[in-house]
Amino acid sequence: MKSSRFARKIFNLVLLAGISTTASAQMMINGAGATFPYPIYSKWFDEYAKIDPAVRFNYQSIGSGGGQKQILAQTVDFGASDGPMSDENLSKAPGKLLHIPTVAGADVVAYNLPGNPALKFDADTIAGIFLGQIKKWNDPKITGLNSGVTLPDQEIVVVHRSDGSGTTYIWTDYLSKISPEWKTKVGTNTSVNWPTGIGGKGNEGVAGQIKQTPGALGYVELIYAIQNKMPYAEVKNSAGNFVKPSIESITTALATADIPDDFRFSITNAPGADAYPIAGATWLLVYQQQKDAAKGKKLVEFLKWAAKDGEKMAKDLQYAPMPDNLQQRVLKRIDEIEM
Amino acid sequence: MEIATPPAVATVEPHSARRAMAPPSRFGDKAFEWLTLAMAMAVVVLVILLGWELWRGSSLAIKKFGFHFLTTSTWDPVADQFGALPFIYGTVVSSLIALLIAVPLSIATAAYLTELAPLWIRQPLVSLIEMLAAIPSVILGLWGIFVMIPWLRDYPFPLLKRLFGWTPFFTGPIYGTSMLAGGIIIAIMILPIITSVSREILRSVPNLQREAAYALGATRWEVTRIAVLSYAKKGLFGAVILGLGRALGETMAVTMVIGNTPQIAASLFKPGYTLASVIANEFTEATTDMYLQALFEIGLVLLGTTILANLLAQLLLQTMSTTSTTRAVQ
Amino acid sequence: MHLQRADNHTWRKAKSGLASTAAFVSALLVIAPLGLVFFHLVANGASSVNWDFFTKLPTPVGVVGGGMVNAIAGSLELLALAAAIGIPVGVLGGVYLAEYGSARVNSMLRFIADVLNGVPSITWGVVVYGLVVLRFKGFSAYAGGLALGLIMIPLIIRTTEEVILLVPNGYREAALALGVSRWKTIVHVVMKTASKGIITGILLALARVGGETAPLLFTAFGNRFWNHNLSEPIAALPLQIFTYAISPYDDWHRQAWAGALVLVTGIFCVNVVVRILTRGRTASVV
């Protein structure tokens, strides 16, 4: 009866696994979405595990599209997105969804070229590259902006996101604002019909692709470029200045925003001499009415901690914290969450 | 010895014989029979479940796009327009590349293993091929990203471009991640299955065939070619189709090397996208209902094509063989 | 004339030798990827398979260090869940195909099982997402285990059936002649005789689904922490390897190689056990 003994062993194993896991009940709050703020979120959740050991926040960076979709389907306790949800999607939600802005960041133009020269781009050039019209690194449009840099006669490998992404939302939002052709041909969304390039999954995937592919150019959140020592370009803003993405230039862009009551706002192509033009905020998506009171309570505690203490970690990871007045409004909104 | 016939013979008509031997049924017997029947019916339930879930999930998209879903190439989540043609194209082309590489190698290896190789080498080789089959897709993908792609980009791809750059298939920039890389990784994944099924097929060729050819003075290769390979043609075709079925559904390794871009381009250096990869990448993140529906429909298309390929393969193989073939299938 | 024939003969001989060589080279090319993959796994992963790897949780993004202990445990838990579904259904279903039923119905069922074995594993992920994740509002270890378990069913049905068919009829006759009921004969005599083969099939199925990633993407979902409740998302080794492999972080690449080495070693070990279990039998059983 070897086989049945074997089966019994397996059965015992399952039983054991079940018992041991329920014995030490630790609350798990599940979230999913944006990869754009993933570095800071994972830092937060790691820190928060020390502050409140009774709860763990499991965050899967599947992309902002995923964050919106999964919170709508209620398969996660909170979602995360760097593109605000559309009215249409909000209307499909089974309850009122709140946008809680956490930090702001920048989409940077990262690339992989021999010698990693410092480069400058303007709106036309970026749109041209992503529309597939500028194909080579030594195109006059690029060399014109970068006199003094010798660029190779090499094809530009455009890398974009293959998944639904808020980073893409910010990127396409910017391109739609500065290029009428982009607006009509492609448009703004978390996923679009790309005219050219290869797809990577998540900011991680795009950064990985750029790093693996000589001649590649793509957009990733600032911290991914910094952590992976990839060069990223200065971009000409609406005031005509070339601006390097940084906490300061993101904060400047953020300061220009007129933020409505539902906190859905865009800061791409922001005015201001020193504002980085491809910046955006990122949001946590939570239901105002929490189904599970215990989880809801812990979630609110965390959100408050993030708005107050978490924000202080933002700068270490090159994200811009929310301005003080906005923070107050956010805290008030968090108080509206019911259980 | 005649008595030492393979066990398969004993199974030709087992059921009636066994039933006749059974004592009059008791409750326990009936219960056990019903229990096992219920479990065996699981396979039917599973097929219905697969079809039903995918159908249910995609009914709106099917209604909205109809047959055009398969023939249009716009994949535009902004406009809620979805056509699966680039994914079908990517799946078909990457699978064809894989077959082109894998079929000759696999069948030659199978012939080597059954006809040509020294006896001592056969079993170790078979074991190694089984081990290759056991490597998970994601690990081949990992190897593909960090080892295969950089190597392809530096050596074979530029060479191909130099030699065949005049054809439309090897033009344009070399990214590394490409349709061709996807095809090669799929080829590696289906080599073991085509080889082992082909080997079983060749083993099932009656020895009489070989003896007759040898008697005519044929060389070893001539015996293999005339008496064995051509005799087993149909079965080998079944093995190839079975490999095709696997190729169509390969997911992780392909997703990691193919470039994930829905486009139809002649150049194999260009990135592509397959039915399975688009599900892997976009399924959890489709924001609109229609987007999700379209992905479910892609799942349905994938299920349909792989089931068709497998049906065809099983039919071809059944005409050839015994239980040993289906064993190798797994 | 005579000379020509001799020439012809030499030429045919040479051709035969050439073809044999070509076939030999093909065989080498078929197993070359195995060697290459294994070489790179060891070269890139071995140095990172250390104490930390087996004892620590993953670190936050971009922070160097950490391990995959939760993913290894998660994979084992998922396999246990899958086994709880796949083994009983698969083994009993295989028993039915071998012992009961009409030839026609059984060949249909066998056929369906073979076709199911060819269904891409990602479709199971999609279906279980619709069936379990959406319905019960949450990714969970149960959903992941179910997806893997469903994949195991047709695999185990077929292997079980085959080894049971190998049990000589004389065993059944002897037991039945002693007045043992049919089902007890099957359980105590037939299945016992075939137990090695049945276990072999089970082990192979476990090894196969243990490396699956695609069905877990939308079911088990992944978890950076320990899973304390099977109705919550859970980490799995293949999932973790995938996430780390496509990331830009060198430290994650290092760990992906290590994870891959551990996973492959586990799967190869199972294969070796299987080989020992089935030693001495005809190749058709293995």
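**Helix packing, chain contacts and domains in the predicted model**

Helix 7 (residues 169-177) and helix 8 (residues 182-193) of chain C pack with their axes 10 Å apart, at an angle of about 140°. The model is a predicted one. The crossing of helix 7 of chain C past helix 8 of chain C is right-handed. On the side of helix 7 of chain C, the contact is formed by Tyr171(C), Arg172(C), Ala175(C) and Leu176(C), while helix 8 of chain C contributes Arg182(C), Thr185(C), Val189(C), Val190(C) and Thr193(C). Classed by residue type, this contact comprises five nonpolar, two polar and two charged residues.

Within chain B, the domain assignment gives domain 1 (8-59) and domain 2 (67-329). The C-alpha centres of domain 1 and domain 2 of chain B are separated by 32 Å.

In chain A, helix 5 (residues 123-130) is largely enclosed by the rest of the structure, because seven of its eight residues are buried. The buried residues of helix 5 of chain A are Ala123(A), Thr125(A), Ile126(A), Ala127(A), Gly128(A), Ile129(A) and Phe130(A). Just after helix 5 of chain A, Gly132(A) adopts a positive phi of about 85°.

Terms used: Residues numbered from 1 in each chain as written. Chains lettered and ligands numbered in written order. Predicted model: local features only at pLDDT ≥ 70, side-chain atom pairs only at ≥ 80, totals over all residues. Domains from an automatic or database assignment. Axes fitted to C-alpha atoms, helices over the stretch in contact; angles between N-to-C directions. Helix = DSSP H or I, 4+ residues; strand = E, 2+ residues; numbered from the N terminus. Left-handed = near helix turned anticlockwise from the far one by under 90°. Contact = placed C-beta atoms within 7 Å. Nonpolar A, V, L, I, M, F, W, Y, C, P; charged D, E, K, R; others polar. Buried ≥ 20, exposed ≤ 12 C-beta atoms within 10 Å, placed from the backbone.
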